[in-house]
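Okay, everyone, thanks for coming. Let me put the structure up, and then we'll walk through a few spots together.

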Amino acid sequence: MVTSHATHLCFADDDHEMEEFLKREHSLSKPYQGVGSSSSSHWELMGDAMVTTEQVRLTPDMQSRQGAIWSRIPCHLKDWEVQVHFKIHGQGKKNLNGDGLAIWYTKERMQKGPVFGNKDNFTGLGVFVDTYPNEEKHIEAQKKRYTPRTQRIFPFVLAMVGNGTISYDHERDGRPTELGGCNAMVRNLKHDSFLFIRYVRRRLTVMIDIDGQHEWRDCLDLPGVRLPQGYYFGASAITGDLSDNHDIISMKLYQLTVLRSKKEEEEEEDVITIPSVDNMELIRLGQSDEGMSGIAIFFTVLFSMLGCIFLIVIGLVVYSHWNENRRKRFY
């Protein structure tokens, strides 16, 4: 089957010129003709997901539902970007809704689980639109105070790379394994909301367009992300005691054609077989330093200064005693 492609020029973050080709066989859009259970369809529904004329509804605004849609065709592109047009809406008031949706590029497909409707210990990339603050609610229930480390505005978009052995920490909203993220007030918007995920030259970029201004806002930009080829794209969502409608209106995948230098080509010759992130420990360290802000930094500086003053005073007292004893020896 011959597929048609739309193409146009764009620029990478470092001004490298790129060409984008729309890959229709990997894209999902109205009127959703390629969605279904037959082996000839490109996309397959799972769980409570259903397709209408306007969207693919991953979950309805009802408790204890989970649904997903997965591409049947593995993606063998080296550089790509996916633009997701989505909508999250429901009757629940602020923080009385849940739980969110995820966009996937993973080795596994069509497996139910607790991570926004997909399996835990996944292999690949997950980008999560998390709408419920589990850790904050847990802290509130224990009548503890927020700390700068835990305080976060929800909904929150974050990314995670898994290698098949790393678990997503649901109770802590994925903080231990996140690569970074941003807050995104995406519920019950009157205008369209979009998520942009680009993977080019082993650099992962996530942006959002949720303000109705048709402008992308930076969310995450990280080099050294290693994702194998041949994985599957998908989207999933889950509800628990709280719920929302989680809708995918379109997922458009573009092949990126990027000019590489000879050195870059040599560096990228190694075939990636296991997803990984370079310097993951440094990323976590940076996040913990970033979390220690505001009051925590104030008290750290204050106690450090008090400690220095205390040591200086002790030193002066010891010096004065030594000086006095020295004078007495001369008389």
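So, does Cys182 count as buried or exposed? With a relative accessibility of 8%, Cys182 counts as buried; buried is under 20% relative accessible area, exposed is over 50%, and partly exposed is in between, using a 1.4 Å probe and protein chains only.

Quick housekeeping: this is a predicted model, where local features need pLDDT of at least 70, side-chain atom pairs count only at pLDDT 80 or more, and totals for chains, interfaces and linings use all residues. Residues are numbered from 1 along each chain as its sequence is written, and side-chain values use heavy atoms, with hydrogens and water left out.

Back to our cysteine. A disulfide is a covalent bond between the sulfur atoms of two cysteines; here the rule is a pair of cysteine sulfur atoms within 2.5 Å. The structure has 1 disulfide, and the partners are Cys182 and Cys219, with sulfur atoms 2.1 Å apart. The torsion about their S-S bond is about -100°, so this disulfide is left-handed. Cys182 is in strand S11 and Cys219 in strand S14 (residues 217-223), so the pair ties together parts 37 residues apart in sequence. Strands, by the way, are DSSP runs of E, at least two residues, numbered from the N terminus. Cys219 counts as buried too, at 11% relative accessibility, and Cys75 is buried at 0%.

Now, the aromatics. Rings of Phe, Tyr and Trp (its six-membered ring) pair if their centres lie within 6.5 Å; planes under 30 degrees apart are stacked, over 60 edge-to-face, and the rest tilted. That gives 13 aromatic pairs. Take Trp80 and Tyr199: ring centres 5.8 Å apart, planes at 40°, so that pair is tilted. Trp80 sits in strand S7 (residues 80-89) and Tyr199 in strand S12 (residues 193-200), 119 residues apart. Both Trp80 and Tyr199 are buried.

Next up, Tyr105 and Tyr231, with centres 5.4 Å apart and planes at 40°, so they're tilted as well. Tyr105 is in strand S8 (residues 100-106), while Tyr231 is in the loop between strand S15 (225-226) and strand S16 (232-238), so this pair ties together parts 126 residues apart in sequence. Those two are both buried.

How values were computed. Helices (H or I, at least four residues) and strands (E, at least two) are DSSP runs, numbered from the N terminus.
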